[in-house]
Amino acid sequence: MTRRRALLWLLALVAVGYAALRTGVFAPERRAVPPGAPPSPVGPEVPAPPGPNAPTIRVLFIGNSLTRAGGLPEMIQGLARTAGVNLVYELHAPGGARLLDQAADPQVRALLARGGWDAVVLQEQSQWPAFGDEQVRTGIEPYADTLAALARRASPQVRLLLYETPARRDGDSSNLAVSPEMATYEGMQLRIDRTYERLAALVGGTLVPAGAAWRIARREHPEIDLYGDPVHPGRGGAYLIACVFQGVLVGRSPVGSTYTAGLDSAQTSALQAIAWRAANGEGRGS
């Protein structure tokens, strides 16, 4: 092949490649979001770690989609970092997982056995904490106790945090025979609150009263959309929960934080204040 023909072939290949890029033939693969997956967070990225001399908190989250929804762990990390704390976390949260499943999961056991955790967060499936006392006693408590023991075995000074989840937006009418209180949001939230209080006492842990904050926000700021769907927190709800974690896990008020996760200033101010009130005991069953 002559040099002239080779040059013409090269130019043709360049033209084809350019056309392919224009039409998307070589575009990166776009993976479909799994059905029922909670929405991804929208907004600014998590701030960089505050510096080599900043205190570090290592956290393991054990839960399900209610721990992932709305980008909750990233928001907790963002709030902590803007407060001068480098929060580093790992997450094991398969959709719909119960503490029963987590206690038997080899991955969870390996994560706990690794040790070095400053805090381990436990979160039960959304409906079970609202069931009757006997079901909570036999279907939740033994597994929370097992996970707590595994955590302490490898991390003796670990803090166990019980993430009290928000109730479903309209209650859960599918389980009225199991627990009639579940018919409404308020009744379901009361049951959830009591269960997580029991679990915190059982394992010697600390309650993260996200449900109490949720109750205050629904009552005082109905214009703020907390839910991403009838079950999961959306971005606003996740930010509220993250602010409660800031108060309990980091031990600092979220009020005035510059990390907003892309929410407007009026919303962030209201949610920060509510979270700090809940972290200090307000909103329990009221």
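**Ground rules.** I number residues from 1 along each chain as its sequence is written, and my side-chain values use heavy atoms, with hydrogens and water left out. Because this is a predicted model, local features need pLDDT of at least 70 and side-chain atom pairs count only at pLDDT 80 or more, while totals for chains, interfaces and linings use all residues.

**Entry 1, the chain.** I found 11 helices and 5 strands; these are DSSP runs numbered from the N terminus, helices being H or I with at least four residues and strands E with at least two. Of the 286 residues, 48% count as buried (under 20% relative accessible area; exposed is over 50%, partly exposed in between, with a 1.4 Å probe and protein chains only). I then looked at contacts (heavy atoms within 4.5 Å). Among those with a separation of 6 or more, 77% come from residues 24 or more positions apart.

**Entry 2, helix 3 with helix 10.** Two packed helices are described by the angle between their axes and the distance between the axes. For helix 3 (residues 72-82) and helix 10 (residues 235-250), I noted an angle of about 50° and axes 8 Å apart. The axes are lines fitted to C-alpha atoms, for helices over the stretch in contact, and angles run from 0 to 180 degrees between N-to-C directions. The pair is therefore oblique: under 35 degrees counts as roughly parallel, over 145 as roughly antiparallel, 65 to 115 as roughly perpendicular and the rest as oblique. Which residues of helix 3 meet helix 10? They are Leu72, Met75, Ile76, Leu79 and Ala80. Their partners in helix 10 include Tyr239, Phe245 and Leu249. By class, this contact has 13 nonpolar, 1 polar and 1 charged residues (Ala, Val, Leu, Ile, Met, Phe, Trp, Tyr, Cys and Pro count as nonpolar, Asp, Glu, Lys and Arg as charged, and the others, Gly among them, as polar).

I located glutamine 127 in the loop between strand 3 (119-122) and helix 6 (133-139). Is glutamine 127 buried or exposed? Its relative accessible area is 16%, so it is buried. Its side chain makes a polar contact of 3.0 Å with that of aspartate 172 (a pair of N or O atoms within 3.5 Å; within protein, one must be able to donate a hydrogen and the other to accept it, and residues adjacent in sequence count only if both atoms are side-chain atoms). Not counting residues up to four places away in sequence, glutamine 127 also touches Arg168, Ser174, Asn175, Met182 and Met188.

I placed glycine 205 in the loop between helix 8 (185-203) and strand 5 (206-208). With a relative accessible area of 23%, glycine 205 is partly exposed. The C-alpha atoms of glycine 205 and leucine 160 are separated by 4.7 Å, though these residues are 45 apart along the chain.
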